[in-house]
Amino acid sequence: MASIVAVTGASRGIGRATALLFAQNGYRVFALARSEPDLHSLAREHPAITPIRMDITDDASRAAAVATIMRETAGYGVDVLVNNAGYGQIGAVEEVPPEALRRQLEVNVVALIAFTQPFLPGMRGRRHGTIVNLSSAAGLVATPFMGAYNASKFALEALSDALRRELSPFGVRVVLIEPGPIKTDFGRVTEQFATVSPDSPYAPRYRRYQGTHHSVGLFGRSAGAVAHVILRAVSSPHPRPRYPVTLPARLAGLAHVLPARLVDWGMSLAMGLH
Ligand SMILES: NC(=O)c1ccc[n+]([C@@H]2O[C@H](COP(=O)([O-])OP(=O)(O)OC[C@H]3O[C@@H](n4cnc5c(N)ncnc54)[C@H](OP(=O)(O)O)[C@@H]3O)[C@@H](O)[C@H]2O)c1
């Protein structure tokens with residue numbers, strides 16, 4: 001029987017590339033997202049892909065998606081779960097509306113864990129399975145104007161570390177993927193959730209920060225490159241706990257060992273905020 005993978009956020013970007021790559025490598029794929037037209041266009045690309053509409057923040061929608069996967073697999077569930085759905089919220093911490101902060105944590109953290117939980121008893125019982133969580137370089141070092149997003153990915157890092165240590169005695173693996181800049185719709189969506197108004201006292205520095213986004217062009221990689229890292233991690237007999245992708249993501253890890261004032265200085269310089 002083919003191994004089974006579920007990929008959230010599969011309508012675009014990293015999730016779409018991952019769903020397709022796993023299908024091309026012999027997996028049976030459940031592709032989940034809100035946008036049905038995008039999911040159906042993905043499913044047309046490979047017969048092993050089953051599209052499932054799901055708003056991950058909606059309890060009933062999530063439960064229905066889990067039930068569909070359980071029914072389609074005769075109660076088996078999945079071998080691999082790629083938790084990829086997510087978005088970024090821009091704004092100075094002082095100005096982020098509490099509702100926007102709540103929503104950011106709901107999508108990127110709470111709903112992700114809630115979607116994962118129903119698959120764990122099956123994986124534990126079989127002593128086999130891999131959970132892949134899409135974190136970010138933003139889960140390793142916090143940047144100005146991305147505090148809400150940073151908080152969500154830092155939380156995901158912590159939950160993934162705890163989950164990995166809880167599940168390893170049961171033979172279930174937990175892997176963090178930590179991309180830096182990846183060329184997807186992520187930036188466009190993030191701009192839609194920006195809360196920096198033109199008359200904000202933070203606006204001049206925010207505009208300079210935006211001006212440094214050319215680093216995406218310099219260091220950015222494709223969604224397919226991340227998909228290949230995910231497949232490599234899942235295929236490994238002993239996957240690493242963390243897979244940084246791109247040079248900025250590798251450098252972000254240094255923030256844990258360098259003095260905080262040095263990191264502040266380097267980041268201001270890199271982001272044009274001096
Ligand atoms: N691109 C980067 O530079 C970058 C860097 C580091 C980490 N990441 C992480 O990688 C992951 C994928 O990002 P991407 O770059 O591929 O972004 P993207 O192109 O904007 O794709 C995001 C995906 O998440 C889904 N999604 C968002 N809200 C959802 C909801 N409420 N319910 C269900 N699905 C939802 C979207 O589908 P629908 O809108 O159809 O629901 C879409 O398929 C995210 O977790 C992101 O934080 C991205």
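1. Which residues in H1 meet which residues in H10? From H1 come Gly-13, Ile-14, Arg-16, Ala-17, Thr-18, Leu-21 and Phe-22. From H10 come Ala-223, Gly-224, Val-226, Ala-227, His-228, Ile-230 and Leu-231. By class, this contact has 9 nonpolar, 4 polar and 1 charged residues. Two residues are in contact if their C-beta atoms, placed from the backbone, lie within 7 Å. Ala, Val, Leu, Ile, Met, Phe, Trp, Tyr, Cys and Pro count as nonpolar; Asp, Glu, Lys and Arg count as charged; the others, Gly among them, are polar.

2. A word on the model. It is predicted: local features need pLDDT of at least 70, side-chain atom pairs count only at pLDDT 80 or more, and totals for chains, interfaces and linings use all residues. Residues are numbered from 1 along each chain as its sequence is written. Helices (H or I, at least four residues) and strands (E, at least two) are DSSP runs, numbered from the N terminus.

3. Now the geometry of that first pair. Two packed helices are described by the angle between their axes and the distance between the axes. The axes of H1 and H10 (residues 223-235) come within 8 Å and cross at roughly 50°. Axes are lines fitted to C-alpha atoms, for helices over the stretch in contact, and angles run from 0 to 180 degrees between N-to-C directions. H1 and H10 are therefore oblique to each other. Angles under 35 degrees count as roughly parallel, over 145 as roughly antiparallel, 65 to 115 as roughly perpendicular, and the rest as oblique.

4. Next, H4 (residues 98-116) and H6 (residues 147-167). They pack at an angle of about 20°, with axes 9 Å apart. That makes H4 roughly parallel to H6. By class, their contact has 12 nonpolar, 3 polar and 1 charged residues. Among the H4 residues that meet H6 are Leu-101, Leu-105 and Val-109. The H6 side includes Tyr-149, Lys-153 and Leu-156.

5. Look at the ligand. It is surrounded by 31 residues, and the closest are Gly-9, Gly-13, Arg-34, Ser-35 and Gly-86. Near means that the C-beta atom, placed from the backbone, lies within 6 Å of the molecule or strand. H1 (13-24) gives the largest share of this shell, 3 residues. By class, the shell has 15 nonpolar, 11 polar and 5 charged residues.

6. Check two backbone angles. Most residues other than glycine have a negative phi. Ala-74 is not a glycine, yet its phi is positive, about 55°. Ala-74 sits in the loop between H3 (59-72) and S4 (80-83). It counts as exposed because it has 7 C-beta neighbours inside 10 Å. Phe-145 also has a positive phi, near 70°. Its place is the loop between S5 (129-134) and H6. Phe-145 is buried, with 24 other C-beta atoms within 10 Å. The cut-offs are 20 or more other C-beta atoms within 10 Å for buried, 12 or fewer for exposed, and partly exposed in between, with C-beta atoms placed from the backbone.

7. Tyr-27 lies in the loop between H1 and S2 (28-33). With 23 C-beta neighbours inside 10 Å, Tyr-27 counts as buried. Not counting residues up to four places away in sequence, Tyr-27 touches Ala-2, Ser-3, Ile-4, Val-5, Phe-22 and Ala-48. Tyr-27 and Val-80 are 53 residues apart in sequence and 9.7 Å apart in space, C-alpha to C-alpha.

8. Last, Gly-122 in H5 (residues 120-126). With 18 C-beta neighbours inside 10 Å, Gly-122 counts as partly exposed. Leaving aside neighbours within four places in sequence, Gly-122 is in contact with Tyr-76 and Gly-77.
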